[in-house]
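Thanks, everyone. I'll keep this short, so please have the viewer open.

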Amino acid sequence: MVDSASHYKTPPPGEGCAAKAAQAGCLWSFGRADETMLEQRKADHIRINLDQEVSSSLTTGLERYRFVHQAVPELDLAQVDPATILLGKKLRAPLLISSMTGGTERAREINRRLARAAQSHGIAMGVGSQRAALFHPELAGTFRVRDIAPDILLLANLGAVQLNYGYDVEHCREAVEMIGADALILHLNPLQEAVQPEGNVNFAGLLKRIEAVCRTLGAPVVVKEVGWGISEQAARQLASAGVSAIDVAGGGGTSWSEVEKHRATSHSMRRVAGRFRGWGIPTAESVLMARRGAPDLPIIASGGLRDGVDAAKCIALGASAAGIARPFLKAAAQSDEAADEAVVETITELCIAMFAAGAGNIEALRQTPLLKD
Ligand SMILES: Cc1cc2nc3c(=O)[nH]c(=O)nc-3n(C[C@H](O)[C@H](O)[C@H](O)COP(=O)(O)O)c2cc1C
C-alpha cells in the first residue's frame with residue numbers, strides 16, 4: 001500500500017492537466033504505480049467489493065424497460081434455446097462472467113470456481129488484469145483455468161492505458177498465451193485511474209495504440225469500460241480502431257470511484273473520489289449508444305446487471321451477450337456450489353424471461369420489443 005505522505009509529493013514536471021494539477025498542489029501522485037503494488041491492490045479490490053457498499057448512485061436504466069408479457073407464448077419452456085455465438089465460439093447462454101481477478105491465492109480460488117461454473121454451463125469468462133503476472137510469472141497460475149475449463153470462451157485482460165506506459169502488442173500476446181485465451185480484453189478506466197492514488201492518467205493518443213494491437217495481435221480484441229459506460233462517440237472511435245466487440249460496462253452497478261474511495265489514504269482523496277458516485281452512462285443507455293456508434297460490432301452489455309431478466313432486456317435492446325461481475329464474485333467467494341448456483345439461476349431467469357416474452361431463441365429475443373416507462 002502507498003503511504004499517505006507520497007500522495008502529496010509533486011510529480012516530475014511535465015505538460016498537461018495532471019502536471020498542472022500537481023503544480024497546484026494536487027492530491028494524487030499520478031503514474032506512480034509499480035508492479036510490486038499490484039498484488040496488494042488486487043487483494044484490496046476483492047476485499048472492498050465483498051465487504052463494502054460500492055454501488056453507483058445511478059441505476060442501470062433497465063428498470064424503465066418492460067417486456068410485453070405474452071400469455072399465449074406458443075412455446076414449450078423446455079425448448080427455449082438461449083444458445084448463441086460470440087467471437088466465433090458457441091455459448092450455451094449469452095452470458096459472460098466479467099473480468100475480475102487473479103494475482104493472489106484467494107483470486108486463484110475464485111477464478112477456478114468461476115471457471116468450473118462457466119465450463120459446466122457453457123458461458124464465457126474473463127480474468128482480471130494480468131499486468132502483475134507479466135512482471136511476476138509466478139503469479140500466472142492464479143489466472144490459468146484452461147485445465148478445468150477447456151471449452152469456454154476465455155478472455156485475457158489488460159488495462160488499455162498501459163499501452164501508453166511501455167506495454168505493446170508483445171505484452172498483449174503474452175497475456176493471451178499465458179491463459180490460452182480466445183481473445184484479449186483491453187479495459188478503459190480513465191476515471192478509476194484518476195481517483196487512484198497511483199493512477200496512470202495519460203490516456204492521450206491511446207486510440208492509435210489500440211488500433212495497432214487490433215491490427216497485429218492475431219486474436220480478437222474486445223474493449224470494455226469498468227462501470228461508466230461507452231458513449232456513441234467512443235463506440236465509433238473503437239470500431240474505427242478495429243476492435244472485434246465492445247463491452248459497455250455501464251453505470252448502475254459497481255462504482256470504481258467508490259472502490260477507490262475505500263483505498264484512499266487521506267480524507268481529501270476520499271472526498272474527491274466520493275464526488276463521482278453518480279458518474280457514468282447508465283448501462284441501458286450505453287447499449288443503445290454503442291449500437292448506434294458501432295452498428296456492425298457485437299455489443300456486450302454489462303454494469304449493474306443483477307439477474308437473467310436484466311440480461312434478457314439488454315439483448316432485446318440490441319446486445320449480443322450480457323456480463324455480470326460483482327454478484328458472481330460474491331458467490332464464488334463462498335464456494336463452488338454458490339458459484340454454480342448463481343450461474344444456473346441467471347440462465348434460468350433468462351430462459352423464463354424469453355418464454356414469457358414469447359422469444360424461443362436469442363435471435364427472436366433480439367427482435368422482441370420493450371416498453372419504456
Ligand atoms: C473485484 C473486481 C475486480 C475487477 N477487476 C477488473 C479488471 O481487472 N479488469 C477489468 O476489465 N474489469 C475489472 N472489474 C470490472 C468488472 O469487469 C465490471 O466491468 C464492473 O465491475 C461492472 O460490473 P458489475 O456492476 O456487474 O460489477 C472488476 C470488478 C470487480 C468486482
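I'll take the ligand site, then one serine, then a helix pair. Keep in mind that this is a predicted model.

Ligand site. The ligand is surrounded by 23 residues. The closest are S99, S129, K224, T254 and G304. M100 places a backbone N or O atom 2.9 Å from a ligand nitrogen. G304 also uses a backbone N or O atom, at 2.9 Å from an oxygen of the ligand. H187 works through its side chain: an N or O atom there is 3.4 Å from a ligand oxygen. How much of the ligand does the protein bury? Taken alone, the ligand exposes 600 Å², and 97% of that is buried by the protein.

Next, S56. Find the loop between α2, residues 35–51, and β1, residues 65–67; S56 is in that loop. Is S56 buried or exposed? Its relative accessibility is 9%, and buried means under 20%, so S56 counts as buried. A polar atom of the S56 side chain lies 2.9 Å from the backbone nitrogen of L58. Beyond its neighbours within four places in sequence, S56 contacts G252, G253, S255 and R277.

Last, the helix pair. Helix α13 covers residues 326–334, and helix α14 covers 336–356. Their axes come within 6 Å and cross at roughly 145°. On the α13 side, the contact uses F328, A331, A332 and Q334. On the α14 side, look at A338, A339, A342, V343 and T346. By class, that contact has seven nonpolar residues, two polar and no charged.

That's the tour.

Methods:
Residues are numbered from 1 along each chain as its sequence is written. This is a predicted model: local features need pLDDT of at least 70, side-chain atom pairs count only at pLDDT 80 or more; totals for chains, interfaces and linings use all residues. Side-chain values use heavy atoms; hydrogens and water are left out. Axes are lines fitted to C-alpha atoms, for helices over the stretch in contact, and angles run from 0 to 180 degrees between N-to-C directions. Helices (H or I, at least four residues) and strands (E, at least two) are DSSP runs, numbered from the N terminus. Contact means heavy atoms within 4.5 Å. Ala, Val, Leu, Ile, Met, Phe, Trp, Tyr, Cys and Pro count as nonpolar, Asp, Glu, Lys and Arg as charged, and the others, Gly among them, as polar. A residue is near a molecule or strand if one of its heavy atoms lies within 4 Å of it. A polar contact is a pair of N or O atoms within 3.5 Å; within protein, one must be able to donate a hydrogen and the other to accept it, and residues adjacent in sequence count only if both atoms are side-chain atoms. Accessible areas come from the Shrake-Rupley method with a 1.4 Å probe; for residues, only the protein chains shown count as cover. Buried means under 20% relative accessible area, exposed over 50%, partly exposed in between (1.4 Å probe, protein chains only).
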